[in-house]
Amino acid sequence: MPFYYGSKARSVPEYLQMRFDERVMSLNAIAFAVMTVFASGISMNALAKLLNQLLGWDYNFALIICSGVVLVYVLKVA
């Protein structure tokens, strides 16, 4: 970490705030949050399809199981 502080390296949100303003930084944060939600949904969908194909589970049941595992993980970490 001292190397990054010494080299004045910035994160993407910090750079956007310095280069533009708070609105651009907020737009970046919202876009990143939406992208993360979509990526998580795609991953859960793929896992549910995989469990359906490999284990013969009902797709909806597999999706509920995947969602439950993610929910437990999120609640445990938070």
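This report walks through the fold, surface and a few residues of a predicted model.

## Overall fold

Let's start with the big picture. The protein chain is built from four helices and has zero strands, so reading along the sequence gives the pattern α-α-α-α.

The C-alpha trace spans about 55 × 30 × 20 Å along its principal axes. The radius of gyration of the protein chain is 19 Å, whereas a compact globule of 78 residues would have a value near 12 Å.

## Confidence in the model

## Surface and burial

Of the 78 residues in the protein chain, 6% count as buried.

## A nonpolar patch

Which residues make up the nonpolar surface patch? Leu 47, Leu 50, Leu 54, Leu 55, Trp 57, Phe 61, Ile 65 and Val 69 form it, covering about 750 Å². Two elements, α3 (22-55) and α4 (59-77), each give two or more residues to this patch. The largest share, four residues, comes from α3.

Leu 54 sits in helix α3, and it counts as exposed because its relative accessibility is 64%, over the 50% cut-off.

## The salt bridge

In general, side chains of opposite charge can pair when their charged atoms come close. The structure holds one salt bridge. Its partners are Arg 23 and Asp 21, with their closest N and O atoms 3.1 Å apart.

Are the two partners buried or exposed? Arg 23 counts as exposed, at 66% relative accessibility. Asp 21 is partly exposed, with a relative accessible area of 26%.

## A loop residue: Arg 10

Where is Arg 10 found? Arg 10 lies in the loop between α1 (2-7) and α2 (12-19). With a relative accessible area of 46%, Arg 10 is partly exposed. Leaving aside residues up to four places away in sequence, Arg 10 touches Tyr 15 and Met 18.

Definitions and conventions
Residues are numbered from 1 along each chain as its sequence is written. This is a predicted model: local features need pLDDT of at least 70, side-chain atom pairs count only at pLDDT 80 or more; totals for chains, interfaces and linings use all residues. Side-chain values use heavy atoms; hydrogens and water are left out. Patches are made of residues with over 30% relative accessible area and no salt bridge: like charges are joined within 9 Å, nonpolar side chains (Val, Leu, Ile, Met, Phe, Trp, Tyr) within 5 Å. Accessible areas come from the Shrake-Rupley method with a 1.4 Å probe; for residues, only the protein chains shown count as cover. A salt bridge is a side-chain nitrogen of Lys or Arg within 4 Å of a carboxyl oxygen of Asp or Glu. Buried means under 20% relative accessible area, exposed over 50%, partly exposed in between (1.4 Å probe, protein chains only). Contact means heavy atoms within 4.5 Å. The radius of gyration is taken over C-alpha atoms; the globule rule is 2.2 Å times the number of residues to the power 0.38.
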